[in-house]
Amino acid sequence: PTAGQPIPVTLIPGDGIGPEITQATRKVLTALGAPFLWDEQKAGATALEEEGTPLPEATLRSLERTRLALKAPLATPSGTGFRSVNVTLRQKFDLYANIRPARTLIPQEDLRRYDGLDIVLIRENIEGYYAARDYYLPQGDDPQGMALSAGYTTRAECERIVTHAFEYALAHGRKKVTLVHKANILKLMSGLFLETGRKVAARYEGRIACDERIVDACAMQLCLNPSQFDVIVTTNLFGDILSDQISGLTGGLGLAPGANIGENMAIFEAVHGSAPDIAGQNKANPTALLLASALMLDHTGHEALATRLRNAITTTLQKGTRTGDLGGTATTEQFTAALIKTLEDA
Ligand code: NAD
């Protein structure tokens, strides 16, 4: 166990596979001696069912107090139904940067994917179409014949997110930042991002290289030659899509962590959703939430524990204990037990 003050963290077990991977993560962090003091709170569909709201007051109060959270996935209904709690939290607490590192953990001949990848995607987290108000407009006699979604981007936010990406690159010994946009078509909204991004990049000239890609070409090049990318910074919707694509290159959603960072608050999470198709079956891979905890350990100044955790995860996976999403047969509990054993043996 680690010396020092315990760090209060709001823990949201969430929906679907959330409670299973949260339990696994708690066990592993206890074995690691991570100094977190959990305050467990509800959100998402489970909260709606039990408390009548997807984002209860008690959860908000806990987040306001701790300013730090580990959050398992929350189910969001598609189309109609309540607004995404994830989007609400990002906006309410001004969590403007979404950091999604993806690194190869498993020999790729096992997965027939790509070796040696180490890409960090930084996604603008509070603007774009995710902040949009959706409207129906009438067309002929159909009152809902047209759907209108008005997204927006501000110069200030473009400046803040691209600066965040360059500062991240400097702090983590990275060489290059790629600005990903669609300024050829979305001339103003994506154009403002590109124009502002170029100005920010100029301030880092000689220290961090910068290049640009149109989002569709970027998607293709991520398949053909992903190792050309180092840090990617992009707007909300493009970042959402590309980060899932990148997680696919390194072994799938079960391995992809994310951090939502604001000026004085951070929420760490898995990139994946609540996986209703395998919920409650002891099949979920807890690695993404565990890697999110490693990011939280880094963020709170416990880099040595984060490295121990990451190394133990890599060793466990490379020895062949893997859940079904990685072609293995281990249950969530078996993988968790093997990981704890690796930690104890190390
Ligand atoms: P999903 O990520 O839940 O599932 C996609 C596929 O990946 C499924 O086949 C699932 O079984 C598999 N998968 C995902 N995580 C896995 C894991 N840890 N281990 C093994 N397999 C895993 O995406 P979806 O089905 O599109 O979305 C389901 C729900 O999750 C929706 O309500 C959606 O809104 C929500 N969602 C939440 C978040 C979040 O809270 N951050 C993110 C994405 C989706």
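This is a predicted model: local features need pLDDT of at least 70, side-chain atom pairs count only at pLDDT 80 or more; totals for chains, interfaces and linings use all residues.
Biologist: Which residue of β10 is the bridge partner of V177?

Modeller: β8 (residues 176–181) is joined to β9 by six bridges, the two strands running parallel. β8 is also joined to β10, by four bridges and again in parallel. Within β10, the bridge partner of V177 is V231.

Biologist: Are the residues on the two faces of β10 buried or exposed?

Modeller: A residue counts as buried if 20 or more other C-beta atoms, placed from the backbone, lie within 10 Å of its own, as exposed if 12 or fewer do, and as partly exposed in between. In β10 (residues 231–234), V231 and V233 lie on one side and I232 and T234 on the other, and all of them are buried.

Biologist: Which strands stand at the edges of the open sheet, and why is one side of each left without a neighbour?

Modeller: The sheet has 10 strands with mixed pairing, in the order β2-β1-β3-β12-β11-β4-β5-β10-β8-β9. Each edge strand has a single partner strand, so one of its sides has no neighbour in the sheet, and these edge strands are β2 (36–40) and β9 (209–214).

Biologist: By what angle are neighbouring strands of this sheet turned against each other on average?

Modeller: Axes here are lines fitted to C-alpha atoms, for helices over the stretch in contact, and angles run from 0 to 180 degrees between N-to-C directions. For neighbouring strands of this sheet the direction is ignored, and the average turn is 25°.

Biologist: How many other C-beta atoms lie within 10 Å of A43?

Modeller: A43 lies in the loop between β2 and α2 (45–51). Beyond its neighbours within four places in sequence, A43 is in contact (C-beta atoms, placed from the backbone, within 7 Å) with I12, G14, P54, L55, T59, L74 and V85. A43 is buried, because the number of other C-beta atoms within 10 Å is 29.

Biologist: Are α7 and α8 roughly parallel or roughly antiparallel to each other?

Modeller: V215, C218, A219 and L222 in α7 meet F238, L242, Q245, I246 and L249 in α8. The axes of α7 (residues 215–224) and α8 (residues 236–250) come within 10 Å and cross at roughly 5°. Angles under 35 degrees count as roughly parallel, over 145 as roughly antiparallel, 65 to 115 as roughly perpendicular and the rest as oblique, and α7 and α8 are therefore roughly parallel.

Biologist: At roughly what angle do the axes of α1 and α11 cross?

Modeller: E20, I21, A24, K27, V28, A31 and L32 in α1 meet T332, T336, L339, I340, L343 and E344 in α11. The axes of α1 (residues 18–32) and α11 (residues 332–345) come within 10 Å of each other, and the angle at which they cross is roughly 10°.

Notes:
Residues are numbered from 1 along each chain as its sequence is written. Two strands pair if DSSP finds at least two bridges between them. Two residues are in contact if their C-beta atoms, placed from the backbone, lie within 7 Å.
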